[in-house]
Structure formats: structure tokens, C-alpha cells
Amino acid sequence: MTVRKLTLSAAATTTVLILCGAILNGAAASPAAATTTPAATAAATPTASPDPSASPADPTTSATLAPPTSGTAAATVATPAQGSAPATATTAPALALSSYDANTGTAVLAPATTGPQSPSALAAAPETAAAALQPGQLIDSPPTPAAPHGALVAVTGVQPTADGKVAVTTRPATLPELLGGTSTSLRSAVSPSTFQVEPQIGGVQVTTDFGATSGQGSVSGSLGLTANATVPLPDGSSATLSGSASIHPAIDFSYQGGLGLLAPQQARVGFTLGAHADWRVSANLSASTTPIRIPLAKYSASPVLMVGPLPVVINLNFTLSADISADGTVTLDAEQAYDGQWGVHSDYVKDSGWTTTTDPGNSTVSPLRLNLKGAASAKAGLLAEGSIALYDTVGVKASIEPYLRATVNGSIVLDGAGTTPAVNGAAALYGGLDINGALMARLAILGTPILSADLPFLAFHREWPLASVSVGQPPVPLVNWSSLSAGLFDDNQSAYLKTRPDWDPWALKASCPDGSRLIGLSFGGDNGLCTDVTKANLWEAGHSFVVDHGGTYVTTDWAPGYSKAQCPAGSVMTGYSRNGRTMGALCAKSATALGASTRTLWFDKGDNRPTAAKGGDFSYGFAKGQCADDEVVAGMAYSQPWWQLWAARPYALLCQKLA
């Protein structure tokens, strides 16, 4: 098991996620299925875990999950936290948000419909509430139809309305204002009864196993999904999806308040997910089938965590999709069983900022049946994409995809787990796991410093051979092509570089996805083309890179009369930048030796691309230059066109052979 961590300077966002049930993962992973389910792990009695270094005066408050409510849940009206003490609930009548506009902060409260109340009490509630509500107080609302994600706001004005309700103006409040110096924690399964599930295609049914529920909010149960559907594909063919998936979601939350109301000392928001799936995908895939995502179901839940009498709302949302692609023409019929669990959580420590940890967990896959015919590399997985939020402030969005990748030149037939595959030609079978996502720097509700842009965390990618079915030649990898555009805004597609300081401040810039390299540029535009054709993952493991603007590494004048940006020996271009009349080359150190042969490729007079060049028209209307599939871009020559004196443009590429 590998754990990936990213530490962000006190600026970022939080949370977790990890999603969902799927299909193929590593036979090279542990051969035994995990024996501890998320439900069993999370069902332990919740305990508070304050930092031993915290002030002895900091109170510790137990946290539980609130049971589901009927009707419209009442909001808590509270006096804000003072010092280490949490907010204090007032004796205001039971009121609930009947309307709420988060953009303007305006809200209307009406008598809550939960619990028995006399008609006279309901009639008197608005007048009593109008007198009880005061500017500066907090309104802490569980989810209601008016505020589906809950709301935590501070009152700035109160006005009774003609219909007997109470209108208020508000501003956003923070958890430090609500919880003060309180220390609390909870790790618990989320009851299936709190989820809303929306099938996205016909032939999908949803089942639930509620399991046992304790009085402390610990729940054991699962959300099930069965499918038997045929879905049309863009090329006119179709895919048949069948099988079942069962998931076990759990949340992990902790909070340790500080001495003031600006930020906590520590905080964590996390999510784990266990899954079991028996899944089958059948399809005829044509050449270069780009990844096709077929949404199966959307899941959403808003569990309410009670810290003493104070509710804290956590919102979970994710979508489960089938994901298939191919490079070539194949007939695919694959069935397998999958078991595993994963987790992602973000931790905040004052003065250190945020640390995000990706835990791929332990997974097992049992290939049941496989019938693959053709000449291609095909990939099939179940993709889970989702987010987690406190109230309506999103903290993390993430995706996880366990998958099966098979390569074949001929046919491979596997009928039953543990049997030996019958191979005619050459074939290989691989399991894999991809985790991607971003910290969304908007978790202002925790009072921590924030930024204005998403901050991708370090992606996790692992692929391994399923040795029991690997035969013949090495697999032909799927080839990725992606276009870049930096005409108006930065287009940084490197997840790693997004976590680093700006690699060329003040310039418009673009970078290739990690694992790809630059192979083409356009003249007159700011577009580029990236690929991992012939040789994938050229960037060495240490992620060393440099940016050259003035030809520091030029040893021969391969484009006389033009300015040059060139990579040092042993590096390849993975991005480019432009700052007025200057261009920059983003150079990544190569993981393998490169060839010695180079050539100058001019494209200012028109397209200069290989015959039957792949990657499409990545800069429509502009001339394009593209090195061969077995080459890398080692540099670019640039100047200012007469018609664009203050914008440098590339005229030629320095193409270098791979080893």
C-alpha cells in the first residue's frame, strides 16, 4: 500500500473523498481479500482525539451522527463562541429556513414542523422569534428544502414579515465561531438511508442493506446497484453493462479549536469507501475509441454530525460511471470480481497548512471470464467521481478508477477464475488503479487561509501485470493525445506543476499532462500538442525541470536568425510560455537516454507534420509543426511576425530522436 502526501502552505482546502465500486484491480495486489470492511472499521464508538499539546482548558465534546428527521428540521440559533467555549444555543422558538439565498445572504424563517407543537405556540413563534433573534447570533441549519446543503450564517439584521415569518440578513459564518476551542472527532459509517440515488440510464436498480444501527450513530450497511443495460456508443456500436456493485461509505471528521475565532489548531475531513463489484462489460470497440464514460447512478447524502447540541453538515456527492476505451479494433467481453477500500483525507495544522493524504488501500481482483479478440489495447473500468463539502463549501473533488487493461493480437479466452487462459497469438492482461483530484481552495468555513484556484493533489497511478494470464509479447500501451491552448489563460495540465510555484511568472503558459511530452506547436496561435506515443512517462521520478528563455543550452545554431529556447542535454520539452516578445521552454529531465540525431522542422509557411499524423487539428486555421512519433521536442525557434510585433511566435522545432 502506498500513501501519497501533498503539503500545502497554509492555503488550501480540505477534505476527502474516495469513491467507489468498481472493476478490476490488481491481481498483483494482495491475493487475499481485505478482511476488515469499512463498516466494521467505522462502526467503532466515536471518540474525541484532541492534540495532547492543546490547552487543558480546551473542552472535549463527543460527536455523533444525528438520526434522519421527518418534516422540516429546526435550525439552531446560538450565541457565537467565546474563547474556548463553543457557541451557546438560545431558547428561541423552533424555527426552520423556509427560504435562503446564499448569494445575497437573505433568509426567511418559519415555525419548524418537527415535533408536536400546539396551534397557539405555532402562531406565537414568529413574534417570539423576532424578539429573540439578535444581530450577531448564529443560525446553524441542517439540510432543508430551502437550504439542501445546510447553512451556517451570522445574523446581521432582523425584520418580522407581514405573513408572520421572520426575515433576516446574514453573512457567512465559520466553524471556529460555532465550535470555539472545542475538540471533537468522529469516524463513522454513513447510513444508506441518508443517501439519495438517481439512476442515470435504464436497466439500473438500486438496493440498500441497512444493517444494524447503534444509538451512537454508528451504522453498518451498504448501498447496492445492479445493472443490465445496453448503451449506444458514439461510433454507432453499443456496449452491454451488467452486474452489481456494493459500497460502504464512511466519514472521518475531527476539529480542535484555537484560542481565537480565526482558525482551528487542527482539523480533518475525510472519506473512506469500501466496495465489492461483480461486473461485466461487452462491446465492439473500433480504432482509437476515446474514453467513453457512461453514467450509471448519482449518489448524494447530507449527514448531520452533532457536536453536543450543535449540528455540523457534511455533504457527499459522487457519480458512478462505466469507462471504456480502445486503441485498435477489438471485441471485448470481460467479467471480474473486485474487492477493496480506499481513502483520502485532508488535515490542517495551524502554521503548517494543509496536508492531503491519498490512501489507495488494499484491493483484490478475481478475473472470472474474458473473451478478447482483435488487435488493440482495450481498457475497462468503473469510475467514481465526487466531492465532499462542509455545508455548501466544497473542499475536495476526486476520482478513482480501478480498471482492467488488456492487449491482444489474436484472441484470449478465460472461462472461470483460476483456469488457464487459451491464447491464440499474443496477449497480456493488466490491472490498474488511478486516483486524481483537486483540493478546492474555498473551504473558508473552517476559517483557514484560502486561494482562488483549485490545487490538484499528487495523482496516484499504478498498473501491474496479472501474471497468471500474461503471455506473448509486451503490451501495446494506449496512446494519449491532448491539446494545449494558452492564448488567453494558462493551460497547465501537469498535476505535479500545479502543486509547485508558478514556473514562469507573468507569462501565459501551458504544460502537458504528467506522463506526456510536447510534440507539436502552432504558428500564429498559442496552441500545442502533447502525447505519450512510442515512449510514455519520460519524466524522471524526481520531477526535475528547468525553464529556458534565452538559449542557454544552445550548442549549434540550428535556426539562424531566430531566438531560441532549448532544453539541456537529456531533457525534453513538456510545455511552453510566452511573455510578449519572449518565449520559454519548459524542460523535463528524461528518465531514459535520448538519441543523438536532431533536425530542424520549420512550419511558418504551412503545416509540417508526419504523414497520417495523429492528434487531430490541434490549432484550427493556423500552420502547425509536429515531430515524428519516435522523436521529442528539444527546443523551439521564435520571433515576432511583422503583423504581431509584440507577440512572439514559434517558427521551428528542434526534433530529437528517442533512443
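Predicted model: local features only at pLDDT ≥ 70, side-chain atom pairs only at ≥ 80, totals over all residues.

Reader: Fine by me. How buried is Cys 655, in relative accessible area?
Author: Cys 655 has a relative accessible area of 0%, so it counts as buried.

Reader: And what is Cys 655 joined to?
Author: A disulfide ties it to Cys 627, with an S to S distance of 2.0 Å. The pair bridges distant parts of the chain, 28 residues apart: Cys 627 sits in the loop between β35 and β36 (631-639), and Cys 655 in strand β37 (residues 649-658). Cys 627 is buried too, because its relative accessibility is 0%.

Reader: How many disulfides does the count come to?
Author: Three disulfides. Counting bonded cysteines along the chain, the pattern is 1-2, 3-4, 5-6.

Reader: OK, tell me about Cys 512. Where's its partner?
Author: Its partner, Cys 530, is in strand β29 (residues 527-531), while Cys 512 lies in the loop between β27 (508-511) and β28 (517-523). Their S to S distance is 2.0 Å. The torsion about that S-S bond is about -80°, so this disulfide is left-handed. Both Cys 512 and Cys 530 are buried.

Reader: And Cys 567, what's the S to S distance to Cys 587?
Author: That one is 2.1 Å. Cys 567 belongs to the loop between β31 (563-566) and β32 (571-579), and Cys 587 to strand β33 (residues 582-589), 20 residues apart. With a torsion of about -85° about the S-S bond, the disulfide is left-handed.

Reader: Are those two buried or exposed?
Author: Cys 567 is buried, because its relative accessibility is 4%. Cys 587 is buried as well, with a relative accessible area of 1%.

Reader: Switching topic: where is Asp 604 found?
Author: In the loop between β34 (594-602) and β35 (623-626).

Reader: Why does Asp 604 count as buried, then?
Author: Its relative accessibility is 16%, and the cut-off for buried is under 20%.

Reader: What does its side chain pair up with?
Author: The Asp 604 side chain makes a polar contact of 2.9 Å with the side chain of Lys 605. If you leave aside neighbours within four places in sequence, Asp 604 also contacts Phe 523 and Tyr 651.

Terms used
Residues numbered from 1 in each chain as written. Heavy atoms only, no water. Helix = DSSP H or I, 4+ residues; strand = E, 2+ residues; numbered from the N terminus. Buried < 20%, exposed > 50% of the residue type's maximum accessible area, 1.4 Å probe, protein only. Polar contact = N/O pair within 3.5 Å; in protein donor to acceptor, adjacent residues only side chain to side chain. Contact = heavy atoms within 4.5 Å. Disulfide = S-S within 2.5 Å.
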